[in-house]
Amino acid sequence: MKEFMLFNPTSLDEAVELLGTDSSRAQLLAGGMDLLGRLKKRIDSPERVINLKSIPGLADIRDSQEGLSVGALVKLTELAEDSAVNAKYRALAQAAESVGSVQIRNAGTMGGNLCQKPRCWYYRHADFLCLQKGGTICYAQGGENRYHAILGGGPCFFAHPSDLAPAFIALDAQARIVGPKGQRSVAVEDLYRLPIIQLNGGLALEPGEILAEVRVPAPKANSRSTYLKFKEKPSFDFSLAGVAASVVMEGGKVSAARLALSGVSPVPWRPLDAEKILTGSPLNDATARQVADAIVEESVPLLHNRYKIPLTRTIVRRALLSLA
Amino acid sequence: MYPTGRTSQDAPEKEVKKKRIKAKVGLAERPQVVEIEVPEQELPVWDLDSKLAVVGKRVPRIEGAEKVTGQAKYALDYVSKDLPGLLYGKTLRSPYPHARVEKIDASKARELPGVKAVLLFDKGEGFDPGKILDVMTEDAVSQPKGRVVIFEGEEVAAVAAESESIAEEAIRQIEVKYRRLPHVVDHEEAVKPGAPIVHRGMKDNLRRVDPQVRGDIDQGFKQAEVTIERTLRVPVLLHNSPECHVAVAKWEGPKLTVWASTQGVNGFRDELSKTFRIPPSDVRVITDHMGGGFGSKFGMQAYGAIAAALAKKAGAPVKLGYDRHEENLAAGNRPNATMWIKLGAKKDGTLTALHCRSFGTAGVGWDATVTPMMGIVYKCPNLRLEDTDVCTHAGQGMPFRAPGFPQGSFAIESAMDELAAELKMDPLALRRKNFVDQPLQALDKIYDLGAEKIGWSRRAEMGPETSSAVKRGIGMGTAVWPNYCGPPAHCRVTINSDGSAEAAMAVQDIGTGTRTLMAMVTAEELGLPVEAVKVTMGDTGLELIAPDSGGSVTALSITPAVRAAAAAAKAELFKRVAPALKAKPEDLVFENGKIFAPANPRKSLTWQQATARLGATPVSGRGERLPNVEPYAGIPLWGAQFAEVEVDTETGLVRVLRIVAVHEAGRALNPAMFESQVNGGVMMGVGYALLERRTMDQMEGRVVNPNLEDYKILSSFELPEIETVIVEPITPMNNIGGKGLGEPPTVPTAAAVANAVAQALGVRIYELPLSPDRVLETLEARKEA
Ligand SMILES: Cc1cc2nc3c(=O)[nH]c(=O)nc-3n(C[C@H](O)[C@H](O)[C@H](O)COP(=O)(O)OP(=O)(O)OC[C@H]3O[C@@H](n4cnc5c(N)ncnc54)[C@H](O)[C@@H]3O)c2cc1C
Ligand code: SF4
């Protein structure tokens, strides 16, 4: 890796100042599980690395009547093991638990998980200068794309790797962001943009912005949630297809539903049409199948990832039935 | 890997006096007394009547504590604290699969503070480590003529610097101008007319291996009442040894010492000697501990040559290793194959004909042969086995645990199961019908035990017809590997005045437990506990040559020599103490803690009393591995594995629940180590079946998964329950009574899993790995059909 200066700011403001707005010159460091790999392979070679872990107050999980607050530096292990999260925000606990290996979860943070870059193997190979790295072509589109996107792809087709993002989106979470222009709050869903709109590894943070916290509203009565992820290597792998589902039940029917998928699209994928089908229906096998079919209906597989269609169907169906 | 390490020191054949001895061998429950002819100095075989105190016991690894406490030193561990002035080397590699190198400019790299040596490889097509002295230049700028790189990862230049980060930076500062040339990385494309040619001077990318022919194949198919014909595919695999290739080279005047992670110190030494044009006696290669090779670490290779060349240039010791990315481009791989196979049989299952045509790629290297396994695993009077190597612009293939056999096994075992289905026959019954019967062979018992332990009869309830989305199946495959162990191997055993013993041999322990076996055999022969034996090994400086470790040769090439050396040392000890016991040395025995002549048991010495008499002059004896006893050496190592799997038909996920692995290695020297070999072999085999595949981008000709994230290997969580069953037919082939075990446990695993999956699904997947994408695509295709 290229030599860099390491900064240990003690406040978010100081961090914002050190970060500046040119990501080629400065990068944030949280658990480092994503960043270090990129630095070693020189996918990124910043001059400054700004360590967020020196900032106090960003590593708390707070549960109250209004809802849950998760600091950017909360470790995935803590999230997976927290009793309030397990009791009330099940999808989030399951998503955290499903990430990587024990070691990755012990080091990796919530903020890093949401802000991680594509895991596309072309992106992570220093010698492929693809679209996302300022090049002119997407190598995956006509190349080796068995792990790539079936929904929302083009001109880049990576499959969004974050497990936490779909869980937060299904739980209708808001992100608190600080940046050069001050503070703002945005739905986690809106942290991501399809590559057709913007090529920034999927992330819609403005230059120089830092994710400080994510807030999840308290669960409504009779609501439940789950995250189900399929891994090719069950012990330790990224999502080939995963879904977070959150439903509110009323009189045996779903009165409100939010769904979000990992591993199938360059963003955590929110299937609005499918949510509509789900809302007002009983949670049974027929509904689950309809919802699953609706999600994959608009899919456009590449040469080597057609299998993700039946796979996604299965995962969605099983996740929904597990909530029944 | 086939045995190598026949080195410059091999003694010429000499006239040997023979004697005839008897041995009680085979399985304990059906012993056979055989008469064999052996050289006069050969010891009696440890046979069924031998009472052994150490050999055959679960002796823990003698270096185990050293390893788990981090004290064992690997070549990778060397730092400047160990070797003052140590420099770190790094290799610059081609980012292109095929290109002409038009200019290399290393002036900037050379000026970086801390850079001590820069070498440019600016001649030739491909990089030949053996010619490093001829292809390298020390100029800062070179306009090479005719230098062509032929795979991504090929060596272009190298530097040595004071730290790894300086070396890495220096590499980046070397400017290379490439002109890209057309490439081909897919073997099925490379066979087509008009494909880019990999090796200049060849008219195409093919090399046909002489076919293996038996009987008359046309006649065989005419006699057949049933035939089946299939095409199967297996991917390229990467070794991914825990320790990447690494060597530390140090020159003292004309003498070269290299600490290397290698499977063969002798082979490494000989190649260094040739390459650097110095006598073998001036080269010393040391491998104290090493973190796996699986076939990828024979010979000097680029890492050895470059480390030594940089050290020479810099005038300081240099450590040069590959990182995981480099390892997975340039350190070897298991070739892939496209295998067309046709079987013919009578209605009762008797095979009449076997025809296989296979082609695969070892990249820019050679040997993608897969059919030898098919020629020995089942009895078939008529066969024709044809292999073709296809060159592609990719890293060269290397031996990979049982070269060619797991590939061939997948093809023939899949075909056998389909033939059984066609014949409405039980797949195991079909194997029994065609099993190769050999003297002292226990394959029948192996099949019996495997079927019993896995519960073969439960197969009837399994398969696609169950209501659950998760289907179960059981399948099996036969393990076979030729016996390659034999001479040369030389050992010296020394008995010290404190009563301890030391066994010394140049042989390396590649992680398989060789060190422990040397101690066990020495202890057994001397009548001592294992703790009393020290082992010195992994050092060509010992001059006690031994084979490179591969091809299941090590244990039974060396232990007969160790035993002979121990016996010789003991005889020396008896010579020294005989006068004190007023006995002839040859009349003495060491029993129940005492040395005495049975005729006069009251006059005795304890071991300690006897060795104390040695004073400052310990005794030692040398032992040599004598030739194998025929015809027993011609009998392969046999086994069979049975797999039980679960397949989720809605996600495509295959889980291997259980593997019953029944194997024989003649005498099982240490059951715990036997199990370790089987566990490792099964683990690699299940990885082959389910996950592993090198993936290359066709357009750019690059490996897209040269790492352990996207090249997926099994973790302990995916490991099935492995039940190892040891069958022990003692062989009179050598004085120990054993064969070998390194390769067989990985030969049939993937095939057994594939057969189980085929039973579970009711449809077969003809390509490894059996990953979710393949399973789902196969099931979708069936739905559509
Ligand atoms: C082998 C392996 C397996 C993995 N498996 C999974 C998996 O299964 N599922 C999954 O979701 N992920 C996986 N990951 C990805 C990732 O490492 C983890 O998800 C982890 O949570 C990342 O967090 P971190 O704190 O280590 O991030 P870092 O590496 O520190 O940061 C990641 C990126 O986000 C930026 N960043 C960090 N914090 C902030 C912030 N507060 N605001 C703005 N930007 C920020 C950094 O600059 C960097 O670019 C895996 C990674 C590895 C190496
Ligand atoms: S999918 Fe995106 S990240 Fe991958 S090669 Fe294409 S553009 Fe690059």
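**A guided reading of chains A, B and ligand 1**

Pro155(A) is placed in the loop between α7 and α8 (164-170) of chain A, where helices (H or I, at least four residues) and strands (E, at least two) are DSSP runs numbered from the N terminus. The peptide bond that leads from Gly154(A) to Pro155(A) is cis, with omega near 0°. This is a predicted model, in which local features need pLDDT of at least 70 and side-chain atom pairs count only at pLDDT 80 or more, while totals for chains, interfaces and linings use all residues. Residues are numbered from 1 along each chain as its sequence is written, chains are lettered from A and ligands numbered from 1 in the order in which they are written, and side-chain values use heavy atoms, with hydrogens and water left out.

The next stop is the ligand. Which residues come nearest to ligand 1? Of the 35 residues around ligand 1, these are Leu28(A), Gly31(A), Thr109(A), Asn113(A) and Asp163(A); a residue is near a molecule if one of its heavy atoms lies within 4 Å of it. By class, this shell has 17 nonpolar, 12 polar and 6 charged residues. In this scheme Ala, Val, Leu, Ile, Met, Phe, Trp, Tyr, Cys and Pro count as nonpolar, Asp, Glu, Lys and Arg as charged, and the others, Gly among them, as polar. In chain A, β2 (26-29), α2 (35-40), α7 (110-115) and β8 (210-217) each supply at least two residues of the shell, and α7(A) gives the largest share, 4 residues.

Several atoms of chain A meet oxygen atoms of ligand 1 as polar contacts (pairs of N or O atoms within 3.5 Å; within protein, one must be able to donate a hydrogen and the other to accept it, and residues adjacent in sequence count only if both atoms are side-chain atoms). A polar side-chain atom of Asn113(A) lies 2.6 Å from an oxygen atom of ligand 1, and one of Gln116(A) lies 3.2 Å from such an atom. Asp237(A) instead places a backbone N or O atom 3.1 Å from an oxygen atom of ligand 1. Taken alone, ligand 1 exposes 960 Å², of which the protein buries 94%; accessible areas come from the Shrake-Rupley method with a 1.4 Å probe, and for residues only the protein chains shown count as cover.

Finally, the two chains meet. The contact (heavy atoms within 4.5 Å) takes 31 residues from chain A and 38 residues from chain B. Across this interface there are 8 salt bridges, each a side-chain nitrogen of Lys or Arg within 4 Å of a carboxyl oxygen of Asp or Glu. Arg42(A) forms a salt bridge with Glu168(B), the closest N and O atoms being 2.9 Å apart. Arg42(A) also forms one with Glu169(B), at 3.3 Å between the closest N and O atoms. The latter pair crosses from helix α4 (residues 164-173) of chain B to the loop between α2 and β3 (48-51) of chain A.
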